[in-house]
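Please open the structure in a viewer and keep the sequence beside it.

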Amino acid sequence: AVRRMVKDHQMTFYTAWPQHGFQGHIRDLSPMGMQMDTRESLQPSQVIKIECRVLEATAEVVHSRTTAEGGEQRCIAGVRFCTLWFQRPIGTFLSITA
């Protein structure tokens, strides 16, 4: 069990290649996965590519649900990282100085 950190970052994700990306938001993040929301519908087992200022990754959708937040239809999805590269490897989750 890894604690997730609340984040609020814009992200772009792709469901196929080549493709113009879809927009979404990172809601929370851990080294194992993240929760995101978007206007696009995502299905469990779907593999997506994610890019943002914090990370680049490929991920598998583990669960998704549709909700109406702020008067618009949104998809809330949990994804598990298959590959992961942090733009800034130090300080994303933990920074310690002695």
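The stops below go from the whole chain to individual side chains.

This is a predicted model, in which local features need pLDDT of at least 70 and side-chain atom pairs count only at pLDDT 80 or more, while totals for chains, interfaces and linings use all residues. Residues are numbered from 1 along each chain as its sequence is written, and side-chain values use heavy atoms, with hydrogens and water left out.

**The whole chain**

Display the chain as a cartoon: it contains six strands and zero helices. Here helices (H or I, at least four residues) and strands (E, at least two) are DSSP runs, numbered from the N terminus. Of the 98 residues, 37% are buried; buried means under 20% relative accessible area, exposed over 50%, and partly exposed in between (1.4 Å probe, protein chains only).

**The aromatic pair**

The ring centres of phenylalanine 13 and phenylalanine 22 are 5.6 Å apart and the planes stand at 40°, so the pair is tilted. Rings of Phe, Tyr and Trp (its six-membered ring) pair if their centres lie within 6.5 Å; planes under 30 degrees apart count as stacked, over 60 as edge-to-face and the rest as tilted. Phenylalanine 13 is buried at 0% relative accessible area, whereas phenylalanine 22 is partly exposed at 23%.

**Lysine 49**

Select lysine 49 together with tyrosine 14: the charged end of lysine 49 sits over the tyrosine ring, 5.7 Å from its centre. The criterion is NZ of Lys or CZ of Arg within 6 Å of the ring centre and within 35 degrees of the ring normal. A salt bridge is a side-chain nitrogen of Lys or Arg within 4 Å of a carboxyl oxygen of Asp or Glu.

Next, select arginine 27 and aspartate 37, a salt bridge with its closest N and O atoms 3.5 Å apart. This pair links strand E2 (residues 22–29), which holds arginine 27, to strand E3 (residues 33–38), which holds aspartate 37. Aspartate 37 is buried at 9% relative accessible area, while arginine 27 is partly exposed at 25%.

Finally, select arginine 80 and glutamate 60, a salt bridge with the closest N and O atoms 3.2 Å apart. Arginine 80 lies in strand E6 (residues 72–86) and glutamate 60 in strand E5 (residues 55–69), so the pair ties together parts 20 residues apart in sequence.
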